[in-house]
Amino acid sequence: MQKEIILKELKFKAIRSSGAGGQHVNKVSSKVELSFAILDSEGLSNSEKERLLLKLNTRLTKENLLILQCDEARSQHKNKDLVVKRFLDVLKKALHIPKKRKPTKPSKSSVEKRLKSKKAAASKKLNRKKPNLD
């Protein structure tokens, strides 16, 4: 993943933010919408593109565009910074390949310790029973 190239490929659109806020909301386009075409990107390898399409398939449009929006701040610049950070986090999480788990056996001492504690618990419960008078 080549971050610099990807950042140049991003498309931004400023929109009027929805919700309460009075006259300021009606005058200023502070909401920022980021769109990124995965298949057209030159900053990603083919394997990375495939992985992103697979991992982010629920977040993509029919044209394989990833669209993120931000209207948390009153400033368009802050919203742009926030949406770029969020975009990079989404990409990192989707491209992360988890390590394979190596199956291991419990050690002899841990098995013995577990069995010993089970025996102790069982004997404790046995002692709670009423004595057998036969």
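## A charge over a ring

A charge sits over a ring if NZ of Lys or CZ of Arg is within 6 Å of the ring centre and within 35 degrees of the ring normal. Here Lys80 lies over the face of Phe12, at 4.5 Å from the ring centre.

A word on the ground rules: this is a predicted model, in which local features need pLDDT of at least 70 and side-chain atom pairs count only at pLDDT 80 or more, while totals for chains, interfaces and linings use all residues. Residues are numbered from 1 along each chain as its sequence is written, and side-chain values use heavy atoms, with hydrogens and water left out.

## The aromatic pair

Searching the whole structure turns up one aromatic pair (ring centres of Phe, Tyr or the six-membered ring of Trp within 6.5 Å; planes under 30 degrees apart are stacked, over 60 edge-to-face, the rest tilted). Its partners are Phe36 and Phe87, arranged edge-to-face with 5.1 Å centre to centre and 65° between the planes. Phe36 belongs to strand E2 (residues 31-37) and Phe87 to helix H4 (residues 76-95), so the pair ties together parts that are 51 residues apart in sequence. Helices (H or I, at least four residues) and strands (E, at least two) are DSSP runs, numbered from the N terminus.

Phe36 counts as buried at 1% relative accessibility, and Phe87 counts as buried at 0%. Buried means under 20% relative accessible area, exposed over 50%, and partly exposed in between (1.4 Å probe, protein chains only).

## Two salt bridges

The whole structure holds two salt bridges (a side-chain nitrogen of Lys or Arg within 4 Å of a carboxyl oxygen of Asp or Glu). In one, Lys13 meets Glu33 at 3.7 Å, N to O. Lys13 lies in strand E1 (residues 11-15) and Glu33 in strand E2, so this pair ties together parts that are 20 residues apart in sequence. Glu33 counts as buried, at 15% relative accessibility.

Arg86 and Glu72 also form a salt bridge, at 2.6 Å, N to O. Arg86 is in helix H4 and Glu72 in the loop between strand E3 (65-70) and H4, 14 residues apart. Arg86 is partly exposed at 28% relative accessibility, whereas Glu72 is exposed, with a relative accessible area of 60%.

## A buried lysine

Lys49 sits in helix H3 (residues 46-55). Lys49 is buried yet has no salt bridge, and the nearest side chain of opposite charge, Asp40, is 7.0 Å away. For charges, Lys and Arg count as positive and Asp and Glu as negative, with His and the chain ends not counted.

A polar atom of the Lys49 side chain lies 3.2 Å from the backbone oxygen of Leu39.

Methods
A polar contact is a pair of N or O atoms within 3.5 Å; within protein, one must be able to donate a hydrogen and the other to accept it, and residues adjacent in sequence count only if both atoms are side-chain atoms.
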